[in-house]
Amino acid sequence: MVALRKASAYSKRKVVPYTRISKKKQKSYIKAVPPQKIVKFSMGNEPLFKQGKFPHELTLISAEAVQIRHNALEACRQFINKKLDVELAGQYYFRVIPFPHHIQRENKMLTGAGADRMQTGMQLSFGKTMGKSAIMKKGGRIFFVAVPNQKALNYIRHALRQIKAKLPGKTSFIYVDHSREKPVSSDVTVE
């Protein structure tokens, strides 16, 4: 059975972004690029958001420097979008902010009888591409949600707390209320 390595193998490492892809194959450092798992980046009712109908905005930010894999972002996106679609039915705007550019590598090691005759160990350990991730700095925005009222805001805050286990590192919220005359940024909480 082929499985992904656990996220802690990548999430809290300092990395040099590995992104070089070229249209000319000879100039490309990365020959085979893993496909993008995130299907959509913007969901909900964008025209109403642009008209200013959703004054309550909640942004999930990273409280530390981490890498977030594209399959984790897609799992969170699907969960939040389903919850919002069932509860608010088009009365929201939801956006995934980071784009996974960094390509992760893995030096696959075989186990079992006779495995020592088929692999190079650490002799050629550069690794093959196996996934993508977004490199987040401290304070980097992950998800943005805009809703029309306070009841919907409490609901989305609860939904964002539920996805905390799917994301590496600590996260916090930034809440902005545009229904007042002057926008006020407040309510920063670390989860």
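Colleague: Which residues does Glu74 touch, not counting residues up to four places away in sequence?
Modeller: Glu74 touches Lys37, Ile38 and Val39, where contact means heavy atoms within 4.5 Å. This is a predicted model: local features need pLDDT of at least 70, side-chain atom pairs count only at pLDDT 80 or more, and totals for chains, interfaces and linings use all residues. Residues are numbered from 1 along each chain as its sequence is written, and side-chain values use heavy atoms, with hydrogens and water left out.

Colleague: Why does Glu74 count as buried?
Modeller: Its relative accessibility is 8%. Buried means under 20% relative accessible area, with a 1.4 Å probe and protein chains only. So Glu74 counts as buried. Across the protein, 38% of the 191 residues fall in that class.

Colleague: What makes the pair Glu74 and Gln78 a polar contact?
Modeller: Their side chains come to 2.9 Å. The definition asks for N or O atoms within 3.5 Å, one able to donate a hydrogen and the other to accept it. The pair therefore passes.

Colleague: Where is the place of Glu74?
Modeller: In helix 2, a helix being a DSSP run (H or I) of at least four residues. Helix 2 lies across strand 3 and strand 6, at about 65° to strand 3. That angle is taken between N-to-C directions of axes fitted to C-alpha atoms, on a scale from 0 to 180 degrees.

Colleague: How do you know that strand 5 and strand 6 pair?
Modeller: Five bridges join them. Pairing needs at least two DSSP bridges, and a strand is an E run of at least two residues. So they pair, antiparallel.

Colleague: What is the order of the open sheet of three strands?
Modeller: 3-6-5, with antiparallel pairing. Strand 3 and strand 5 (102-106) stand at the edges, each with a single partner strand, so one side of each lacks a neighbour in the sheet. From one strand to the next, the twist averages 50°.

Colleague: Which residues touch the most other members of the largest nonpolar core?
Modeller: Phe94, Phe143, Ile156 and Leu160, out of 30 residues. Such a core is a set of buried Ala, Val, Leu, Ile, Met, Phe, Trp, Tyr and Cys residues joined through side-chain atoms within 4.5 Å. Elements supplying at least two core residues each include helix 2 (70-87), helix 3 (150-162) and strand 7 (141-147).

Colleague: What does Leu160 touch, not counting residues up to four places away in sequence?
Modeller: Leu58, Leu60, Ile80, Phe143 and Phe173.

Note on methods:
Buried means under 20% relative accessible area, exposed over 50%, partly exposed in between (1.4 Å probe, protein chains only).
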